[in-house]
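Reader: I'm new to this one and would like to learn how to read it. Could you walk me through a few features?

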Amino acid sequence: MPVKALLIAVLMALGTLTQAQGFAGLGTDADGFATPQRGTDLQFPRDHGPHPDFRIEWWYLTATLTGEDGVDYGIQWTLFRSALAPTEAEGWQSPQVWMGHAGLTTPTQHYFAERLARGGIGQAGVTAHPFDAWIDDWQMAGDDLSDLRLVARGDVFSYDLRMQADGALIRHGDNGYSVKSEAGQASYYYSQPAYQIDGVLHLPDGPVRVTGDGWLDREWSSQPLAEDQTGWDWFSLSFDDGERLMGFILRGAQGDFTSGTWIAADGTATALPHGAFQADPLGTTEVAGRQVPTRWRVYVPERGLDAQVMALNPNSWMGTAFAYWEGPVSVTGSHTGRGYLEMTGY
Amino acid sequence: MTRMALLAFWSHWRRHPVQFFTLIAGLALATALWSAVQAINAEARASYAQAAVQLGVDGTEILTALDGPIAVSQYVALRRAGWQVSPVLDGTLRREGQSFRVLGVDLLSSADLPAFAAPEAAQNFQAADVLTPPGRLFASPETAASLAHLPDLPPIIETANVPPDVVLTDIGIAEQLLNRSGQIDRLRVMPVQSAGIPPLADIAPNLRRSTQTSGETDRLTDSFHLNLTAFGLLAFAVGLFIVHGTVGLSFEQRRAMFRTLRALGLPLRRLTVLAVAELMIFAVIAGLLGLAAGYTIAGALLPDVSTTLRGLYGVPAANTLHLRPEWVASGLGMAILGTGLASVQALWRLWRMPLLAAPGLQSWAAGARRTNRIMAVIGIALFLAGVVAMVLFDGLVAGFALLAGMMLGAALILAPILSLILRLGARTANGPISEWIWADLRAQLPGVSLALMALLLALAANIGVGTMVSSFRLTFTGWLDQRLASELYVTARDDAQGAAIEDWLTPQVDAVLPIRSFEFSHAGTPLFVYGIRDHATYRDNWPLLAYTPDVWDMVASGTGVLINEQLARRSQIWPGDTLTISPKWSLPVAGVYSDYGNPTGQAIVSLDALLSHARDVPNRRFGIRVAPDRVRALSQELQTRFDLPSTALINQAGLKARSMEVFDKTFVVTGALNLLTLGVAGFAILTSLLTLWSLRLPQLAPVWALGMTRSQLARLEVVRSLALAALTALIALPLGLGLAWVLLAVINVEAFGWRLPMYLFPLDWLRLFLLALLAAGLAAVIPARRLYRLPPSDLLKVFADAR
């Protein structure tokens, strides 16, 4: 389906984007899109809002939750923006396209929903202050980023959660400039990894009151992947001792590229250079007709981390137009805790 | 024994090849007309169904606003409340004399449409190209070809997944093509909705939820197909008269053989089974032949039907015929069922036939009087039922009920009426011969009454439909004369050129009348509002059906609006009422004008009024008033001076000719079916007379023995047939005129939205009358010739066999 092709094209940023590399120094690529520049100072709350001159952008929230019934749950709420041209316009003439994904994972079930919307008409969008990110009736909104209400709805599930941050924003990479390949592809990337969450999940069996931890990722770019890169494995882990880890592997034909950020219990972030974060698949599960690694060994030797990461529900497949695996995980080994795993390109 | 019986059965047909041919031909004819109509209907319906799927309207619920287009903000409000809806902008794009239906959809929420979702679609286009200027147009190869030469259009992607004459595109592109920024005509409600979304009434109380299949077009096309089906049934019924006659004859002639077979020991049950089997084999053979013929007829008529459907109703219809199981089954089924129906009487007689007793002399008159009375009562009841249906119920179905009641009732009353006339006629008889002739006519009546009914129906249908079409044509011609008052029509390439042409023309012609329109929406359907400059051309010529005294002053001052008849009848607004053109613009209706051949609503206001309520109204078309002898020179000068294509200039005569051509094409199908039905009826008379022939010998022999010559008898045979046909034709006349009235005043109003005056065409009646006489005469000539050449010994044999 071409709509899917569109999404894949913008999300995976194939072909033409990498050819545009030579223009990176000028700040725009061949199609006129802005490219991330090292040394740019992120400004808040301004940068919570959209950057229409960049090709792609997302507001990505994942949360590991526990119900009053003692059962573990996970939810995902994502708003993607992709620009067909580096401009904004009123009405249907806007070249901005928005996509929402919502997931709800239980140990035995995985629900998901998808929304698509045109920019320019108000069906979807983000405002920085007061913060409001929405698509259709899905919403993440509050006075500012530290106190938000999160709502999404599919045809058989919905959730309504309150999120309060108790820590500072984390800038990944070089003060928010996150390199994605050895050739130099990069994005702007920051996170709020420390939300306290409570609220209600509406499942087909009825409502469940839940509490837990949330992690918001903000990223925008015009060229996040190199030509040979086929997908990624991305981890966000919160350990019981208060430390946190963000790490990803970009799988490429000419070798994998890894990166990450170690977040101390006091909120101090340290970028992990290429190779410092490593993860190896330990076991796969057949999901949607493909072999997807749902058990991993994750290690950061310089931080003494050597742990096993296991999917809460190995079937956490997001069968959306652009399909991928996304679900809550548990951590055992040198560290214990919970987190989220996203895997694309399988 | 069975083998012997089969041989005996077969020998009959070998000795009577004409009868065999008649039986097969009659049945095949009936099946052919029926299945042709069914094939056309099936094809057209398949086209609609396919188009409905392709346009995402197959049973999909839609939301429409009662008061004009839906605002984008309202769409967003619905989406933000959780409603999964998808916007559609539906308009007409007119370029260089051609018009296309443009359907603008939001690509992202319409990914389910076949044009976007089909497996091959992925290779055809990139979504980003569709969403960003200049965008892409999706059209069928046929439509793409006619779009190809038009300037300033986005690139076209050919796809079989868009119906003909429709252009599918993104709503962002469509709103600019149609000049309707920020408007939505309807919202498609997606089949899967989230649980717990708020009710529609809370978010959008002004929107009405409906299923699209119950739309206006469906009702219109349904009436068209009902029309065709009625015609098909009529033809089939007429064909059945033939079969009935032939089967009756073959059984009658084989009475002796059947009796012999029974006497030889063939059980009655087996005899009956054999007879039924024989009939069924004939039915299948004739059915297959009929299907083949029907397929050919349908193939020949389909292009004209498509033209009608596209032209009158604006619905997509295919030009090519497919073999569809539904009409093959319906054709064969009707052939078998029809044969059964037509043979019931013959089989019943066979079953009841006394084994040994010789048949008594058939007295045709016996019981006829009682039958006549029953038929008359039923016929009158049917007639009344039709009238009652018309009085009690409104609409198309009631109209057809009235038609059916009239036709069937009249057919049933025919024999009693004829019998009554003959009885009255008999009183004028003086002398034995004339008395015998009258009595014989009456005696013969039950035998030919079925054939006469067929003739009556065919003639009445011919008169009725012919009167309707001719009245329509006359009205249409007069209307064209009024409507196309300007001598020359010119279309500029763009607004700037339009202004230049107007400036250049103004000093040298009597008047330049701009033809400018803007598409609004009224009750969910498009409403084209034309702005005119006040001019005598309109005041003198415009065909008004109803108006207020100061109609043109009201229009000129911008305080009144003219609407077309379709809109007036559909929305029930007439002079004195108010038309809401847009939420901010309502005007009292000053007049209603006739507007034939146009499926959509139309209104006329003053140009100033239109321009103050609509932005960017194109200014490209003009009517030019100029002395007729200057038209040729002027159009040549216009063409060279402004470098216009020859299609941009149309003179009045050319436009009229083209309109009449479209009109005539529309009724080709009706005309063809009409003629075929009449042919079948003539054939029915022939078969019934042939059937009667062998039965009549015992009746004629005594008259011959009393001294009348064979040539006298033969002449009388022809005269008798002519007399019966003439009487039937006379009765068919009022019936046909009644039919025409129902078609013009009831069916047309319901089906097309306009009422037509009825004109009478006595010359056509005379032609039909002569045609009926010719058919009856020809049909009588064959048996009369036989009688004339009959050896006297055969007539004598009648007495030799006498018991």
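Author: We'll go through salt bridges, then peptide bonds and backbone angles. Keep in mind that this is a predicted model.

Reader: Fine. How many salt bridges are there over all chains?

Author: The idea is a side-chain nitrogen of Lys or Arg within 4 Å of a carboxyl oxygen of Asp or Glu. Over all chains, that rule gives 30 salt bridges. Take A:Lys180 and A:Glu219, whose side chains pair up with 2.7 Å from N to O. The two sit 39 residues apart, so this pair links distant parts of the chain: A:Lys180 is in the loop between strands S11 and S12 of chain A, and A:Glu219 is in strand S13 of chain A.

Reader: Are A:Lys180 and A:Glu219 buried or exposed?

Author: Both A:Lys180 and A:Glu219 are buried.

Reader: What about chain B, which residue does B:Asp440 pair with?

Author: B:Asp440 makes a salt bridge with B:Arg720, and their closest N and O atoms are 2.3 Å apart. Here the partners are 280 residues apart, with B:Asp440 in helix H16 of chain B and B:Arg720 in helix H25 of chain B. Both B:Asp440 and B:Arg720 are buried. Salt bridges can share partners too: A:Glu57, A:Arg81 and A:Arg218 are joined into one network that way.

Reader: And A:Arg297 with A:Asp306, how far apart are the closest N and O atoms?

Author: They're 2.9 Å apart in that salt bridge. To place this pair, look at accessibility: buried means under 20% and exposed over 50%. A:Arg297 has 29%, so it counts as partly exposed. A:Asp306, at 36%, is partly exposed as well.

Reader: What is phi of B:Asp152 near?

Author: Most residues other than glycine have a negative phi. For B:Asp152, phi is positive, near 60 degrees. B:Asp152 is in the loop between helix H7 and strand S6 of chain B, and is exposed at 68% relative accessible area. B:Asn179 also has a positive phi near 60 degrees. B:Asn179 lies in the loop between helix H8 and strand S8 of chain B, and is partly exposed at 30%.

Technical notes
Residues are numbered from 1 along each chain as its sequence is written. Chains are lettered from A and ligands numbered from 1 in the order in which they are written. This is a predicted model: local features need pLDDT of at least 70, side-chain atom pairs count only at pLDDT 80 or more; totals for chains, interfaces and linings use all residues. Side-chain values use heavy atoms; hydrogens and water are left out. Helices (H or I, at least four residues) and strands (E, at least two) are DSSP runs, numbered from the N terminus. Buried means under 20% relative accessible area, exposed over 50%, partly exposed in between (1.4 Å probe, protein chains only).
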